[in-house]
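Subject: Structure handover

Hello,

Here is the structure for your files. My notes on it follow below.

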Amino acid sequence: MGCPSEEECTQIIEIPQIYFVGSQSYTHIITQEVSCDFEVPEVPEIIEAPVLENFSYQILSFNYVPDTGNNTTLVQYEIQLNNHNNFDVSGFPILTIYNGDFKYSGNLSADADEPCNEISANSSCILSMNREYEIELGILPPDTYQIVNVEYLAISE
């Protein structure tokens, strides 16, 4: 690389990183300047999920009907997601749901009417859901369905 000495030689490498939310994995690549003798990792580095700091939420409305009478379960909510930072953020909300037996955390944005994949600086977004899910034959829907926490995973700031 034309370095004056081997001790000052550096290179830019790409480091794959992976994190898990519920049963889903998410991957991204960072670049880093390292010494020329640095061994490039062959497997992705497992990291903690990049949770947005200075974030809050407020549940504006929530409705859960285990059996609508039409062989469906109804889930409706509006949650205000607040970015208290001086920068825009891209990412997705992670909801922690309690169904009476266990807690589940995951990205439910694919089913949302408004997924809030971006929130402007010092602004908010209303995450909304209004869905009916078919009840599977022989599987009773849970009597309880509560949102117990919301976090925002920041893919880019």
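The side chain of asparagine 99 reaches the backbone nitrogen of aspartate 101 at 2.9 Å, and a polar atom of that side chain lies 3.1 Å from the backbone nitrogen of phenylalanine 102. Asparagine 99 sits in the loop between strand 6 (89–98) and strand 7; strands are DSSP runs of E, at least two residues, numbered from the N terminus. Asparagine 99 is buried, at 17% relative accessible area (buried is under 20%, exposed over 50%, partly exposed in between; 1.4 Å probe, protein chains only). Leaving aside residues up to four places away in sequence, asparagine 99 touches Pro142, Thr144 and Tyr145 (contact: heavy atoms within 4.5 Å).

The model is predicted: local features need pLDDT of at least 70 and side-chain atom pairs pLDDT 80 or more, while totals for chains, interfaces and linings use all residues. Residues are numbered from 1 along each chain as its sequence is written, and side-chain values use heavy atoms, without hydrogens and water.

A search of the whole structure gives 1 salt bridge (a side-chain nitrogen of Lys or Arg within 4 Å of a carboxyl oxygen of Asp or Glu). Aspartate 113 and arginine 131 form a salt bridge at 3.6 Å, N to O. The two are 18 residues apart, with aspartate 113 in the loop between strand 7 (103–106) and strand 8 (118–119) and arginine 131 in strand 9 (residues 123–134). Aspartate 113 is partly exposed at 41%, and arginine 131 is partly exposed at 31%.

There is also an open, mixed sheet of 3 strands in the order 2-1-3 (pairing needs at least two DSSP bridges between two strands). Strand 2 (24–35) and strand 3 (45–46) each have a single partner strand, so one side of each has no neighbour in the sheet.

Regards

Terms used:
Helices (H or I, at least four residues) and strands (E, at least two) are DSSP runs, numbered from the N terminus. A polar contact is a pair of N or O atoms within 3.5 Å; within protein, one must be able to donate a hydrogen and the other to accept it, and residues adjacent in sequence count only if both atoms are side-chain atoms.
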